[in-house]
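Hi,

Here is the structure I promised to pass on. My notes follow below it.

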Amino acid sequence: MDAAAFPFSDLDRHWMRQALDIAHQSIGLSDPNPRVGCVLAGEGWHVLGHTQAAGSAHAEVMALRAAAAAGHDPRGATAYVSLEPCAHHGRTPPCCDALIAAGVGRVVAAIEDPFPQVSGQGIARLRAAGIRVDVGLLGDEARALNIGFFSRIRRGRPWLRMKIAASLDGRTALMNGASQWITGPQARADGHAWRKRAGAVLTGIGTVRDDDPRLDVRLVASARQPLRVVVDSRLEIDPKARVLQAPGQALVYTASSPPAAERFDPAVVEVARLPATASGKTDLAALLADLARRGINELHVEAGHRLNGSFLREGLVDELLVYLAPKMMGSGRDMAAFGPLQALAEGLDFKFLEASPVGPDLRLRLRAAGRDDF
């Protein structure tokens, strides 16, 4: 919806910016629910709230609680919310009902909620109660914050972000598999901040063998750990691998039939069988659909060149997160193994979103062509 269709003031923009800023505190906390912030503003006062862990209070309720704790009367106040207030009974009651009961006079929502049980219904119920509702202020930023939630609801798959650390000549490891560490400590910590955003972090059996990673979030603070996922078509993973020992749950996808899952503690590791491709590999599109059913909004992939190539070749990568180190490595492993292509026009197109120094390294973010239309 075009923001210009509504009389948004500079003050409206200020408060919505605050709502978006506070919504970032829901990263690593609210999944599978969206990250939402709310500013409740009255005459000479304002309070903030953001969505808590799944099953706990949403942003609007947190703001109303903050107003009550500070002794502010919300009647006639304006609620600035970075996503349409929910209108259904899930794990918590509808937020639109809480705003109606509180007597707010106006609601400004950045963007409509794509969830079918909301999707305009929260706005309709607020308006039916006589509350003015304006929608569309900073909507693009609100959508970007919840790109994974929109992807899961509208496409039935998570937003797939592929992280790659490479040298200037595009090498991710030496020919013998050595890759620790191409980039510096600042880039590694920044990579953990992106892991924190994700509902799941995924790698392949090759990376497990070469690097024995943990795939957890350690270098930044996080209220929760993402699900750790391994693609292992023949179920060859060592039960003692570190990725299966880190805190939280691990999930191993296999095409093995029947999967020899008795080697794993079911309280720690789930083994899930998916259809196999003609080459006997795990069906990656089916994997993404299954993760969406599990409530995964953003999938963070840190894999080797073969699995990277498979995701790219099948058109499943939405975003690239590339850390380039200022060094040349000569021969070694590539970022992704796919092709060979017969013409330049067959190449995969991305567009640059940002280029930012991170310590001595350079972080590039790129989005795959055609990913702005869902």
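**Cysteines**

The sulfur of Cys38 lies 8.7 Å from the closest cysteine sulfur, that of Cys95, which is too far for a bond. Bear in mind that this is a predicted model. Cys38 counts as buried, because its relative accessibility is 0%. Cys86 has Cys95 as its closest cysteine partner too, with 3.6 Å between the sulfurs. How many disulfides does the rule give? The count is zero.

**Cores**

Nonpolar side chains tend to be buried together in soluble globular proteins. The largest nonpolar core here has 41 residues. Met16, Leu40 and Val107 touch the most other members of that core. What does Val107 contact beyond its neighbours within four places in sequence? The list is Ala79, Val81, Pro85, Leu99, Leu126, Ile131, Arg132, Val133 and Asp134.

**Second largest pocket**

The volume of the second largest pocket is about 420 Å³. Its lining consists of 23 residues. Closest to the pocket centre are Asn33, Pro34, His58, His88 and Phe115. By class, the lining splits into nine nonpolar, nine polar and five charged residues.

Over to you.

Best wishes

Conventions. Residues numbered from 1 in each chain as written. Predicted model: local features only at pLDDT ≥ 70, side-chain atom pairs only at ≥ 80, totals over all residues. Heavy atoms only, no water. Core = buried A, V, L, I, M, F, W, Y, C linked by side-chain atoms within 4.5 Å. Buried < 20%, exposed > 50% of the residue type's maximum accessible area, 1.4 Å probe, protein only. Contact = heavy atoms within 4.5 Å. 1 Å grid on protein atoms, 1.4 Å probe; cavity = no way out; pocket = protein on both sides within 12 Å on 5 of 7 lines; lining within 4 Å. Points joined across faces, edges and corners; volume = space filled by probe spheres on them. Nonpolar A, V, L, I, M, F, W, Y, C, P; charged D, E, K, R; others polar. Disulfide = S-S within 2.5 Å.
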